[in-house]
Amino acid sequence: MRNSQSLLTISIIGFGAVGQGVATIVQNVPRIKVVAIADSKGVALMPDLKDVLARKRGGQPIANSNLTALDVIRTVDHDVVVEVTPTNIHGGEPGLTHVREALKNKRCVVTSNKGPLVAAFDELTQLAHTNGVALRYEATVGGAMPIVNLIRDTLAGARVLDIRGVLNGTCNYILTRMAEEALDYDQVLSEAQDMGIAEADPTYDVAGIDTACKVIILANAFFGRNATFADVDVTGIDRITQDALQLARQRGFAVKLVGDVQELAVSPKLIPIGHPLNVSGTLNAASILTDTAGEITVAGKGAGSIETASAILSDILSLMRDRS
Amino acid sequence: MRISMDLELQDTPGQLKHVLTPISDLGGNIASIVHHHDKKTFRNTVPVSVIFDIEEQTLEELQDGLEQNGVTVVRIGKMRLRARTHILLIGHIIHTDLRDTIDEIDGTGFAEVQDLSLSMPAIDGPSSAIITIMATGDEELKKSIGILRQIAERKDLLIIEPLDERGSPGGVSNEE
Ligand SMILES: NC(=O)c1ccc[n+]([C@@H]2O[C@H](COP(=O)([O-])OP(=O)(O)OC[C@H]3O[C@@H](n4cnc5c(N)ncnc54)[C@H](OP(=O)(O)O)[C@@H]3O)[C@@H](O)[C@H]2O)c1
């Protein structure tokens, strides 16, 4: 990296829940400097973080320049592009161009955006490699729950044989509430929408698309599969009834939407009530099968502004460590 | 208990009743019968394999009965249904379909549906069922799940299988 050893300069591209979370938590990290923040309408250069967060929360524009997000990525001198625009599973834009341009300009990328990685995983990792910069994406899978770096760093000595997980908090919330409160699917879905746990159009979550994206990212990262969306066999949770959950429960099972990375499959599964993957509410969990370390299960918050930002910060900090 | 028997019958018409009658007289239930006409023995008998469920303590009596009828009992195998799984079905499950499904699995001779709970909340709403399938081994269990998958696909049912246990694919849990 070109800048001084002591200071890491970053841009935040996308200023929604996650972007604001990142801006909030990096305020407390002395060696990180935010040089620009972009939302869909414009760019704040050399922003005062408190001020820009207040403006955004108050619904005011944040822009103080005529630059676009791409201008920032291409021309403003900095080390790391934090790409946190919306996930688009059809082609990955605008994130894909942001990530490509950042890497071409020899900036590291830290992202929570699944779109670019689902659309062009191999191309992007290659591009990062050729340009000698890092592409880190812990936050794309499991939010605050460590998985990508856990496997890459902590479990570096073991061979990963399979990864399976409950990777979508919205589905998990719906299934948990239906089972525990004996409520119908539609009822719980509306409740989740009210609480901001589910989107107005819940398809992306309940049809298993989000889980499939995470399966693709893990399959590409750890099994070299170069998979895209069409390769995954996906069944969602929208046909599951409350009675079915009660029947399962009577026999000692919960139903969870499970992503199986080796199989490239997403489908509801019966999970014994006492099983470590049987996490409730919006929690995520993943179970990693290795040759030497056996099976390791992690669980944690799969979404949320600050939670996801914490995973992004851990990627940024590890870039700092790599540099020194 | 599930029993598999290899028998030899005289190659003349009407021999099968000498096998079926003693089994059903003792309360047995036939799951499958195969005639191996192509493997006729030098004694001019035809090997037959029969799979049936019967109380274990009647076995000796059954063997006597078969031999009195001129049937040679070559081998008696006690099949233990060791592998077990549960499957959840959701959709417009019609009773007759379910019966067919169960019959198809029971008819394999290596697996059977042991337990069924059905829940039909509304007339035109989807219903749900959970079944337990027992099979003689893991492979057989996988085969019967395969049958169920085909049926589910044909009838547009959502089937939910257990998470595979590591090391024994197919959602199998072994029990003695
Ligand atoms: N929220 C979570 O808990 C969570 C967890 C894990 C991963 N993720 C992923 O993280 C990413 C961000 O999520 P989020 O919840 O923060 O989304 P969000 O609240 O919808 O925010 C998206 C932000 O991107 C901005 N944006 C859209 N198009 C842009 C463009 N062309 N150039 C610059 N900025 C643009 C939007 O601008 P405006 O403000 O002007 O609309 C908005 O600020 C998504 O890819 C999501 O899948 C989110």
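When I say a residue is near the ligand, I mean that one of its heavy atoms lies within 4 Å of it. Okay, so keep in mind as we go that this is a predicted model.

Let's start with the ligand. There are 24 residues around it, and the ones that come nearest are A:Ser40, A:Lys56, A:Thr85, A:Ser112 and A:Gly304.

Now for some individual contacts. On the backbone side, A:Phe15 has an N or O atom sitting 2.9 Å from an oxygen atom of the ligand. A:Val18 also uses a backbone N or O atom, this time 2.8 Å from a ligand oxygen. Then there's A:Thr308, where a polar side-chain atom lies 3.4 Å from an oxygen of the ligand. How much of the ligand ends up covered by protein? On its own the ligand would expose 900 Å², and the protein buries 74% of that. As for where the ligand sits, the space it takes up is the largest pocket.

One more distance for A:Pro94, if you want to find your way around the fold. A:Met178 is 84 residues from A:Pro94 along the chain, and their C-alpha atoms are 36 Å apart.

That's my bit, thanks.

Notes:
Residues are numbered from 1 along each chain as its sequence is written. Chains are lettered from A and ligands numbered from 1 in the order in which they are written. This is a predicted model: local features need pLDDT of at least 70, side-chain atom pairs count only at pLDDT 80 or more; totals for chains, interfaces and linings use all residues. Side-chain values use heavy atoms; hydrogens and water are left out. A polar contact is a pair of N or O atoms within 3.5 Å; within protein, one must be able to donate a hydrogen and the other to accept it, and residues adjacent in sequence count only if both atoms are side-chain atoms. Accessible areas come from the Shrake-Rupley method with a 1.4 Å probe; for residues, only the protein chains shown count as cover. On a 1 Å grid over the protein atoms alone, a cavity is a set of points where a 1.4 Å probe fits but cannot get out, and a pocket is an open set with protein on both sides within 12 Å along at least five of seven lines; lining residues have an atom within 4 Å of a point. A molecule sits in a cavity or pocket if more than half of its atoms lie within 2 Å of its grid points.
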